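Please keep the sequence and the model side by side while reading.

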Amino acid sequence: MSKTIIINNEIMGNAPEELGKKVMGSFLRKLCSEEKKPKTIVFYTAGVKLVAKGSPVLDAIDGLLAAGVEIIACGTCVNYYDLADKIAPELISDMPTIISVLMNSDTVITI
């Protein structure tokens, strides 16, 4: 069963920024150690900041990539936040690709 996770913010939940960032980091790191992983994680809007150089969760992103999880960052969002030079080009994608991933997933989870 194909699962896709959407991450659309730097923080998880409706929480103070510091707590939300801590919870997001915990989620991504724990996801690395799970036996079952999503096929794809799509990052868009402020979520793309999590895959940029200097991100406090880049270790988790690298772990997920190493485990075979496809990471996709919305190109429009990357450009909006002026992060193109801070994100590996192979992670940056376009909306038709994101739509295809979502439409071909059995389950889509938004964080």
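With the side chain of which residue does the side chain of serine 105 make a polar contact?

1. The partner is threonine 4, whose side chain makes a polar contact with the side chain of serine 105 at 2.4 Å. A polar contact is here a pair of N or O atoms within 3.5 Å; within protein, one atom must be able to donate a hydrogen and the other to accept it, and residues adjacent in sequence count only if both atoms are side-chain atoms. The side chain of serine 105 also reaches the backbone oxygen of valine 101, at 2.7 Å.

2. Before going further, please note that this is a predicted model, in which local features need pLDDT of at least 70 and side-chain atom pairs count only at pLDDT 80 or more, while totals for chains, interfaces and linings use all residues. Residues are numbered from 1 along each chain as its sequence is written, and side-chain values use heavy atoms, with hydrogens and water left out.

3. The protein chain holds 4 helices and 5 strands, and from the N terminus on its elements run β-α-β-α-β-α-β-α-β. Helices (H or I, at least four residues) and strands (E, at least two) are DSSP runs, numbered from the N terminus.

4. Serine 105 sits in the loop between helix H4 (95-103) and strand S5 (107-110). With a relative accessible area of 13%, serine 105 is buried, where buried means under 20% relative accessible area, exposed over 50% and partly exposed in between (1.4 Å probe, protein chains only). Leaving aside neighbours within four places in sequence, serine 105 is in contact (heavy atoms within 4.5 Å) with Ser2 and Thr4.

5. Serine 2 belongs to the segment before S1, and serine 2 too is buried, at a relative accessible area of 15%. Not counting residues up to four places away in sequence, serine 2 touches Lys39, Asn104, Ser105, Asp106 and Thr107.

6. Once neighbours within four places in sequence are left aside, isoleucine 71 is in contact with Ile41, Phe43, Val51, Ile61, Leu64, Leu65 and Leu91.

7. Another is aspartate 82, with a phi near 55°, placed in the loop between helix H3 (75-80) and strand S4 (92-93) and exposed at 61% relative accessibility. For background, most residues other than glycine have a negative phi.

8. The count of aromatic pairs comes to 1. The rings of tyrosine 80 and tyrosine 81 have centres 5.0 Å apart and planes at 90°, so the pair is edge-to-face; rings of Phe, Tyr and Trp (its six-membered ring) pair if their centres lie within 6.5 Å, and planes under 30 degrees apart count as stacked, over 60 as edge-to-face and the rest as tilted. Tyrosine 80 is exposed at 67% relative accessibility, whereas tyrosine 81 is partly exposed at 28%.

9. Glycine 63, in helix H2 (residues 58-66), is partly exposed at 28% relative accessibility. Between glycine 63 and leucine 31 there are 9.4 Å in space, C-alpha to C-alpha, and the two are 32 residues apart in sequence.

10. Of the 111 residues of the protein chain, 38% count as buried, and residues 24 or more positions apart account for 70% of the contacts with a separation of 6 or more. Along its principal axes, the C-alpha trace of the protein chain spans about 35 × 30 × 25 Å.
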